[in-house]
Amino acid sequence: MVKMLKKGLSGVLSDKEINEVYSAFDIIGDIVIIKIPETMKDKKELIGESIISNVKPVRTVLMQSSPVQGDFRVRGVEYIAGENKTTTIYKEHNCKFKVDVSKVYFSPRLSTERDRIANLVNDDEVIVNMFAGIGTFSVVIAKKHRCKIYNIDINPDAYYLCNENIKLNKINECIIPILGDAKEVIEKKLKNKADRVLMPLPEKAAEYLEHAIMSTKNRGIIHYFTHVHSNSKKESMKICADELVNNMSVKYELLASRVVRAVGPRFYQVVADVRVFKN
Ligand SMILES: C[S@@+](CC[C@H](N)C(=O)[O-])C[C@H]1O[C@@H](n2cnc3c(N)ncnc32)[C@H](O)[C@@H]1O
């Protein structure tokens with residue numbers, strides 16, 4: 001698909017321009033979202049048409065018009081070619097996801113991380129996914145394991161799509177979608193409940209850590225995602241570990257940490273897996 005996309009642009013852009021566009025696109029189901037630099041904006045329709053004619057599975061091309069922003073972490077998109085729509089079905093790890101890219105957060109770039117966490121889960125675990133979106137991590141886990149997952153999100157569109165994705169993947173009994181603020185939900189009904197807590201919102205990691213701990217049982221595990229400015233991947237994991245030392249209010253053991261992806265120049269998303277001791 002990536003090769004087709006490159007080939008499709010070769011009649012419209014120079015090699016240098018192709019490389020710029022090529023390093024900044026997402027394929028989500030049959031929708032392509034591309035970032036077009038200011039200098040190429042006058043060619044956006046040509047770029048869009050060329051992708052539609054050359055990359056067969058793609059039906060819609062959208063241009064990213066703003067970075068991921070706001071509490072709901074949604075990026076702005078502008079239609080440029082093909083069918084004018086923002087909803088698609090995305091498939092990974094034997095799961096299907098209905099996604100509206102204009103209303104909810106979604107990133108195909110977290111696919112490996114979703115699979116990694118699903119492979120750590122044991123049957124019969126109780127899991128609290130604090131920033132669960134349309135249920136991406138939760139569905140991948142529930143497809144592999146018999147468990148109970150509280151899927152919290154504050155965005156009503158994400159809550160709606162999570163319900164749709166539960167039906168689509170026929171896993172009704174495993175996932176409990178909850179619309180609301182993770183802190184409030186945990187305080188009201190999820191204290192000391194979880195064998196595992198997921199925190200896939202790096203921007204609020206430190207601010208919500210106390211509530212992740214509150215929700216975890218003794219010896220439960222927290223997957224703490226954070227963003228780190230650093231000169232190297234190795235150093236970014238050390239900085240993440242230091243962040244935990246400064247913010248953890250209970251005894252803990254750092255089980256593992258890894259760089260999930262680079263999110264900018266010398267800027268990384270890092271995850272730490274932490275076992276919490278409450279006694
Ligand atoms: C970066 S997205 C991750 C979504 C999902 N886990 C995924 O990987 O596709 C973070 C999500 O947290 C939600 N969110 C933001 N603040 C929240 C809060 N206080 N409580 C619950 N959810 C929140 C947003 O609506 C968004 O869907």
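A residue counts as buried when its relative accessible area is under 20%. Keep that cut-off in mind for this tour of a predicted model.

**Stop 1: the two domains**

Colour residues 2-85 and residues 103-277 separately. The domain assignment of the protein chain names these domain 1 and domain 2. Their centres, taken over C-alpha atoms, are 30 Å apart. To the contact between them, domain 1 gives 10 residues and domain 2 gives 12 residues.

**Stop 2: helix α4**

Select residues 111-120, which form helix α4. Which residues of α4 are buried? They are S111, E113, R114, R116, I117 and A118. An α-helix has 3.6 residues a turn, so residues three or four places apart point the same way.

Now show what the buried residues of α4 pack against. One partner is a helix, α5 (136-144). The strands to select are β5 (87-92), β10 (194-199), β11 (216-229), β12 (251-264) and β13 (267-277).

**Stop 3: α4 against α5**

Keep α4 and α5 on screen and hide the rest. Two packed helices are described by the angle between their axes and the distance between the axes. For α4 and α5, the axes come within 9 Å and cross at roughly 45 degrees. At that angle α4 is oblique to α5. The crossing is right-handed.

From α4, select E113, R114, D115, I117, A118 and N119. From α5, select T136, F137, V140, I141 and K144. Sorted by class, the residues of this contact are 5 nonpolar, 2 polar and 4 charged.

**Stop 4: α7 against α8**

Move to helix α7 (residues 182-189) and helix α8 (residues 205-215). The axes of α7 and α8 come within 10 Å, and their crossing angle is roughly 25 degrees. Angles under 35 degrees count as roughly parallel, and α7 and α8 are therefore roughly parallel to each other. The crossing of α7 and α8 is left-handed.

On the α7 side of the contact, select A182, K183, I186 and E187. On the α8 side, select E207, Y208, H211, M214 and S215. This contact of α7 with α8 has 4 nonpolar, 2 polar and 3 charged residues.

**Stop 5: I221 in strand β11**

Select I221, which sits in strand β11. Is I221 buried or exposed? I221 counts as buried, because its relative accessibility is 11%.

Next, display the residues that I221 touches, leaving out those up to four places away in sequence. They are D195, R196, V197, T216, L255, V274 and R275.

**Stop 6**

Most residues other than glycine have a negative phi. The last two selections depart from that.

Select N94, in the loop between β5 and β6 (95-100). What is the phi of N94? It is near 65 degrees, a positive value in a residue other than glycine. N94 is exposed, with a relative accessible area of 70%.

Finish at D124, in the loop between α4 and β7 (126-129). D124 is not a glycine, yet its phi is positive, at about 70 degrees. D124 is exposed, with a relative accessible area of 53%.

How values were computed:
Residues are numbered from 1 along each chain as its sequence is written. This is a predicted model: local features need pLDDT of at least 70, side-chain atom pairs count only at pLDDT 80 or more; totals for chains, interfaces and linings use all residues. Side-chain values use heavy atoms; hydrogens and water are left out. Axes are lines fitted to C-alpha atoms, for helices over the stretch in contact, and angles run from 0 to 180 degrees between N-to-C directions. Helices (H or I, at least four residues) and strands (E, at least two) are DSSP runs, numbered from the N terminus. Angles under 35 degrees count as roughly parallel, over 145 as roughly antiparallel, 65 to 115 as roughly perpendicular and the rest as oblique. A crossing is left-handed if the near helix is turned anticlockwise from the far one by less than a right angle, and right-handed if clockwise. Contact means heavy atoms within 4.5 Å. Ala, Val, Leu, Ile, Met, Phe, Trp, Tyr, Cys and Pro count as nonpolar, Asp, Glu, Lys and Arg as charged, and the others, Gly among them, as polar. Buried means under 20% relative accessible area, exposed over 50%, partly exposed in between (1.4 Å probe, protein chains only). Domain bounds come from an automatic or database domain assignment.
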